Amino acid sequence: MIDSLYRWVDDRLNISGGTRKLLNKIFPDHWSFMLGEIALYSFVILVLTGIFLSLYFVPSQKDVIYHGSYLPLDGTHMSEAYASTINLSFSVRTGLLMRQMHHWAANIFVGSIVVHMCRIFFTGGFRRPREFNWIIGVNLLILAIFNGFLGYSLPDDLVSGTGIRIAFSILEALPIVGSYLATFLFGGNYPGTAIIPRFFILHVLILPAIIAALIGAHLGLLVKQKHTQFAGNGATERNVVGSPMWPIFIAKTNGFLFLVAGVTAALGAAVQINPIWQYGPYVPYHVSYAVQPDWYMGWLDGALRVMPSWEIVFPGHMIPNAFFPGILLPGITFTLLMMWPMLEARIRNDTLEHQILEEPRNNPWRTSIGAAVLSFYFVLFGASATDVLANYLQVSLNTVLITFRVLCILVPLIVGPVTYKICLELQHQHRPTKTKRHNIVMRSAEGGYSTIEVQARPGDERTILPPIPVDAMILVNDDGEPILADGGPVTVGAGAGPGAGSGRGNGSRGLFRIPRSYR
Amino acid sequence: MPDSPDTPDTPDSTGGVPAAGAVPQSPGHEGATGTPAGAHPSDSPNGPDSQPPTMVKVSINAPQFQVAAAHPERVERGIAVMFVLGLLGFAGFGAAYYQNAANYWLGGSLAVGFFGLGVGMVAWGKYLMPRGPFSESRHSAAPTEEEREAFLTDFSSRGKVAVERRGFLLKILGVVGGVFGIVAMFPLLRSLGPLPKNMFYVTKWRKGSYLTTSDGRRVHVDDLDVGSVMTVFPQDDVGGAMSQTMLIRISTVNVITAADRKSWGPAGYVAFSKVCTHAGCPVALYQKLIEELLCPCHQSIFDIGPDPDHPGWYTPAMPVFGPAPRPLPQLALYIDRQGYLRAQGPYYEPVGPGFWERGAQGIAQ
């Protein structure tokens, strides 16, 4: 039945031809290749939980008086968006779980993109021919941050409403077109009644569609250009070494999908996130203390805080203060990120294709620049908590802020050279091996000491197997039966019987046979 | 070693599959078809596809084909346990849903289900499948020069005949496309909202507006003690985001904040816009002891204490710390005959953060 159905489809679409290559696609086994998978799977979770949420969320700023199951807010004026978020959290079964999973998955999504990107950056995975995929990745990061901010804004609670207010001010700060864009997007002056419905459609349709398309392009290029890999273990510039898509990678990666889902579910179950009913509905003239955005907006919030109170004023016009940290900084950040592969190739005069990744230590120049820049954003992230830190450390806000202004400059200047030095030091280190063998120090009867190296025990040595061409990996014989190889020294093609049938059913561990063409 | 390969066959003898990458010979050695490690594909003069396909022979007993687990039966049992755990987790989720259990039961059971499934599948792939490693070959991402030439020749020769000759048509096509691009922006952008015009320059405050609390009461001169604050609005815009104003009673006598503001602070009342000049958050914190206003968003601090240069005067909400670049605009007040606080007129400059058209004076065009 399935066989004939497959034939029917295959005769029309020729799945067998193209997909066989896909089954053989090799995925390198290094753990760091998993980071992008976390991003992919958290996006899957975002879509699934997001569909659930969209069925209950009402994107409307219409004023309603709340009479729901959350009694502390009974009788309070609020927007329909806020009321529906409370309702889906308290009155819809699994609603709170879905909301918390969605929010956690969003944080994991952006986080894994950033870490994935750091891995690519520090190992030079963006070099020719992968510049396009790097640029797509940077755009995915931008879109993920944007969409995270939009989703965070939708419940229209007091904290996120303040965030929208700041977003309006940043938009307004754009030279020449700022006031126009701000009034267009908000349908008038702040706050208006249009922004939540507009953010909603951006958040659930437009940006996810673009993100999905870019993920498709990202993975498409990954298949077309194949993976990079670390040196060693038989890896060369001309091959890819690892596990084939079917069945090994499929099993591992699907398991990994469920693990990511499991982590998200556990977080959604046990770790409260964004309890908007505690913040209260957005009221334009209310504000709460210790207002921090989600973590991925932290560096922008920190930049807004540490920016000195400068404005450029000239007759009839001005460039407002918020322009520099709110628009110029992210503009420069993401432009430089996107341009980096080309810049580096130009500076280092490197036009070759690279399939083998670099160890960060072996490119101290890039590693130290990356670490210094990263430390700058870490400091900005820390600066988004100036008020909390001042409160916690019992020092004045002024001291904390001025400290962060200094650290912004100082920390990258220290981190860069130190990283450079560490890289050079590490280059002289021997590669760490899997098993260390200890020495025995013997004291002789005369009182002298001698050192004896312990003999290797079985299992001490780590055998590095050479890679086998993936075409040789066949799971069943021509009759569709699994072939079991025995433990004997059967070498196909060297006179062994067809299918090495002698080994059938011998309780051995192999399940594999060499295709006829190899015999 | 059982996995030492035989000598490669010739392709025609088996009619078979081209080799993919290196042939395993012995650990640490490059295969027959592989280039030396580190060799660059574009170093190869012939290009990657010009090499003859080579057959590979691998022993069926090669360790790469064996499962990674030393005791597969035990691992299989473990995976089965994990799958059953996953089953129990999902069943538990169903039960928790049926019982309308608390969030941690719902999420916890779901997490157990996912973890069981996930650990089992990863272990299956990692321990019960051929340990590998396997390899596939790769080629340079760039096409060969011949491929490129062929494409460009086709494209430009046909283009010359069919397109380039009609330069006039091309120009018109460009103009049409450009005009379409511009008019498409009308509905996509212009329909979204009104032009800003003087929107950022005006608030609902005007001459005679009553200072009104958020619950709609008019503010009377006796309402606030010295050192108290209140958020006020014009009576026709209660709760308005742009017209929100901080009313502070600093003293009991007329408060002067500048030479041209001698009558703006009757009976110790001063009013400043509550919209921060930095990013528009409500400047909601009044620090009574040091007589400062603080914006909780980015910690800009505005001084409303005594003016050190003019004894008896007060500072007109000058920014003294943080990113805010300009003082909070002050609203001129008066007290009418019934004792109600009212505005002498609108704000003398735009409230809130800066924008391109504002300029230094903030005078509406």
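**View 1. Six aromatic residues of chain A, A:F121, A:F122, A:F126, A:W134, A:W340 and A:W365, form one aromatic cluster.** The model is predicted, so that local features need pLDDT of at least 70 and side-chain atom pairs count only at pLDDT 80 or more, while totals for chains, interfaces and linings use all residues. Residues are numbered from 1 along each chain as its sequence is written, chains are lettered from A in the order in which they are written, and side-chain values use heavy atoms, with hydrogens and water left out.

**View 2. A:F43 and A:F109 form a tilted aromatic pair.** Rings of Phe, Tyr and Trp (its six-membered ring) pair if their centres lie within 6.5 Å, and planes under 30 degrees apart count as stacked, over 60 as edge-to-face and the rest as tilted. Here the centres are 5.6 Å apart and the planes stand at 35 degrees. Because A:F43 lies in helix α3 (residues 35–54) and A:F109 in helix α5 (residues 95–123) of chain A, the pair ties together parts that are 66 residues apart in sequence; helices are DSSP runs (H or I, at least four residues), numbered from the N terminus. A:F43 is buried at 12% relative accessibility, and A:F109 is buried at 6%, where buried means under 20% relative accessible area, exposed over 50%, and partly exposed in between (1.4 Å probe, protein chains only).

**View 3. A:F323 and A:F324 form an edge-to-face aromatic pair.** Their centres lie 5.4 Å apart, with 75 degrees between the planes. A:F323 is buried, with a relative accessible area of 12%, and A:F324 also counts as buried, at 18%.

Methods. Helix = DSSP H or I, 4+ residues; strand = E, 2+ residues; numbered from the N terminus.
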